[in-house]
There are 2 protein chains.
Amino acid sequence: MEAAFLQAFKGENKTVPVWFMRQAGRYLPEYQALKKKHALQEMFCQPELAAEVTCQPVDILGVDAAILFADILTLPSAMGFEIHFDSRKGPVIQLMNNWRQAHDFEGLDYVAGTIRLARQRLPASVPLIGFAGAPFTVLTYLIEGGSSLTYARTFRFLQEQPEAFDGLMRLLTKNTVAYLRLQRQAGIQAVQIFDSWAGILPAVIFARRVLPFVREIFDALEGLPSIYFCRGSAHLWPYLIQSGADVLSVDHTVALDAPWIRGMRQGLQGNLFNGLLYADHATLSAAVHQTLEAARWQPRYIFNLSHGVMPDMDVEKLKAVVRQVHAYPWKEKKREDLALHK
Amino acid sequence: MEAAFLQAFKGENKTVPVWFMRQAGRYLPEYQALKKKHALQEMFCQPELAAEVTCQPVDILGVDAAILFADILTLPSAMGFEIHFDSRKGPVIQLMNNWRQAHDFEGLDYVAGTIRLARQRLPASVPLIGFAGAPFTVLTYLIEGGSSLTYARTFRFLQEQPEAFDGLMRLLTKNTVAYLRLQRQAGIQAVQIFDSWAGILPAVIFARRVLPFVREIFDALEGLPSIYFCRGSAHLWPYLIQSGADVLSVDHTVALDAPWIRGMRQGLQGNLFNGLLYADHATLSAAVHQTLEAARWQPRYIFNLSHGVMPDMDVEKLKAVVRQVHAYPWKEKKREDLALHK
């Protein structure tokens, strides 16, 4: 039988599938144990380690899908952008005097190796999701030299050097497509593209300067179940539904049952506010229920958070969320809804 | 005759008033000249210097209002929170082991002095806007120890220590009210409250845990023209209109002519995307025109940016925006609109 996560793309699932953004990572004691023995870079680059981290949350939390453990900067690193990791500051990017020296990526076979190993280890009922940053979000890291509070450099680059901006977006898009094809060939069964910083743009600029590249990626992946995650989803909504992704993953700015959301043709993923994982069990459980109820009009729905799991979050709470989502009478609810509309 | 900026609160202005968030600051060569001679802390705390910085953009740009040059952390500093400024990192906040040691603010007479001096120097046609951070935004700085990418500490504090969270919000609210009364007594003619980080919260949590405190502040300032600026305004809209402010200042996530915006009873301020100040004159000018056209249904409208002016922005472009806004035939447009609706 097909996995519930993949069934959800067709509305054929009996229970709601659930996974968490950043589910492979620091909040897990099992991950911390590995990290004591290995540098972060090793954990990303050694297939044996990366596959282990990829599979950990499946065994521990009981989620319905695994996601490839990789960094959002893996791709640009392999394209000639100099990036090193600082344990305190996070990624530090050496801005190239001329980004045109960047080239098509080289040497990402270890990612394929990770995927093959993880796929071997995962049960058949748990699909593996491929991972890539969206071109604009990757571009912001390259232009800002990391994260930013104002994104002044990105805005300036976009406006003052429109051809260079488009050129870099094209180069990143082309390589993202090739990178995801490599992942597909190695065995991923779905893909999620992360556009964490798209929300810093107004809708009109997003539509003209960012969306066409996102579409190009999803078009090139035809046939592979696909998810587009965008932070600041609400104001970009009229354009997100044109992204070409099968499922849209939305953050806390979207009410799942808002009238304009209910008009979508795509599937929906989200959006339990991640800050609620610090709440007591009763509050958390009420919010999980509310999220499920708000999504029940949608035949193709996957449960997830608004943003990622934080390093200091409690594993037991994530387990409780998974149990509650699985116990929710999805199929029965659907029958009930249909009866109501007759 | 009353200043255009104050007339706009009543819909009696003939031209559109314009000012810019962060108009007093680093992008101005005149500010840089002062900064070479004085430490930042001096510039905030010496009325003579702070008043000069407050008035600079009025003379240089020709904006319709000045805003008090003060830091968002001025108030918590005076309440016993230890904060020092690092020239590279910005404000560094010493987290108190027990924030309950904080007290009602002391020693902010220099703010009153700045206001009196600035008021003396400003022409009668240019009102002075008072300034304070909203309690939630100030709280995030205190809890995170500065800015944050994830706001994990804030979310945790809000959920795990609800009474402490509410207690700190109450203390900040009480002091913000007193601080703004001090500003009012010294001569401010309007006030803007900055809630730069409210958008990190989902609407429901904002409504329950943040909005009541914002309302309390605006209620206490009855009679003083008031503006509430919120980043991430779109998803909070149903609650922003309950804030008690006379005018709502919105960011790039709001389309000024969206149907749900047109239902508002308040005045509107905003929202030229600040990134467009890096664009060429033709692009910038088209965007300014579009913003004005999108706002023309609104009888009480003030032109501003989505977020603040950035340090590397071009003074000439800001001047051009001011000229264009002032040249826009607002009153004639209004007559034309009325004729259309007869």
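In which strand of chain B does Asn271(B) lie? Asn271(B) belongs to strand E8 of chain B, where helices (H or I, at least four residues) and strands (E, at least two) are DSSP runs numbered from the N terminus.

This is a predicted model, in which local features need pLDDT of at least 70 and side-chain atom pairs count only at pLDDT 80 or more, while totals for chains, interfaces and linings use all residues. Residues are numbered from 1 along each chain as its sequence is written, and chains are lettered from A and ligands numbered from 1 in the order in which they are written.

**Backbone geometry**

Most residues other than glycine have a negative phi, and most peptide bonds are trans.

| Site | Feature | Value |
|---|---|---|
| Gly270(A) to Asn271(A) | cis peptide bond | omega about -25° |
| Gly270(B) to Asn271(B) | cis peptide bond | omega near -25° |
| Arg22(A) | positive phi | near 60° |
| Arg22(B) | positive phi | near 60° |

Asn271(A) lies in strand E8 (residues 267-272) of chain A. Arg22(A) is found in the loop between helix H1 (4-7) and helix H2 (29-37) of chain A, and Arg22(B) in the loop between helix H1 (4-7) and helix H2 (29-37) of chain B. Arg22(A) has 17 other C-beta atoms within 10 Å and is therefore partly exposed; a residue is buried if 20 or more other C-beta atoms lie within 10 Å of its own, exposed if 12 or fewer, and partly exposed in between, with C-beta atoms placed from the backbone. Arg22(B), with 17 C-beta neighbours inside 10 Å, likewise counts as partly exposed.

**The sheet of chain B**

Chain B contains an open sheet of 7 strands with parallel pairing, in the order E1-E4-E5-E6-E7-E8-E9; two strands pair if DSSP finds at least two bridges between them. Strand E1 (66-67) and strand E9 (301-305) of chain B are the edge strands, each pairing on one side only. Strand E7 (residues 247-249) and strand E8 (residues 267-272) of chain B run parallel and are joined by 3 bridges. Ser249(B) stands opposite Gln269(B) in E8(B).

**Helix H4 of chain B**

Helix H4 (residues 47-61) of chain B has 15 residues, which at 1.5 Å a residue should span 21 Å; the end C-alpha atoms are 22 Å apart, which agrees. The expected span is 1.5 Å times one less than the number of residues. H4(B) bends by about 30° at Cys55(B), with Pro57(B) following within four residues; the bend is the angle between axes fitted to the seven residues ending there and the seven starting there. The buried residues of H4(B) include Glu52(B), Cys55(B) and Pro57(B). Their cover includes H2, helix H3 (40-45), E1, helix H6 (109-121) and helix H14 (315-327) of chain B. Gly62(B), with a positive phi near 80°, follows H4(B).

**The interface and its symmetry**

In chain B, 22 residues are in contact with 22 residues of chain A, contact meaning that C-beta atoms, placed from the backbone, lie within 7 Å. Helix H8 (152-160) and helix H11 (233-240) of chain B each supply at least two residues of this side, and H8(B) gives the largest share, 6 residues.

A rotation of 180° with 0.0 Å of shift along its axis superposes chain B on chain A (RMSD 0.0 Å), by least squares on the C-alpha atoms of residues with pLDDT of at least 70 in both. The two copies are therefore related as by a two-fold rotation axis. In chain B, the C-alpha of Ala234(B) is nearest the axis, 3.6 Å from it. The same surface serves both copies, as 100% of the contact residues of chain B recur in chain A.

Technical notes. Contact = placed C-beta atoms within 7 Å.
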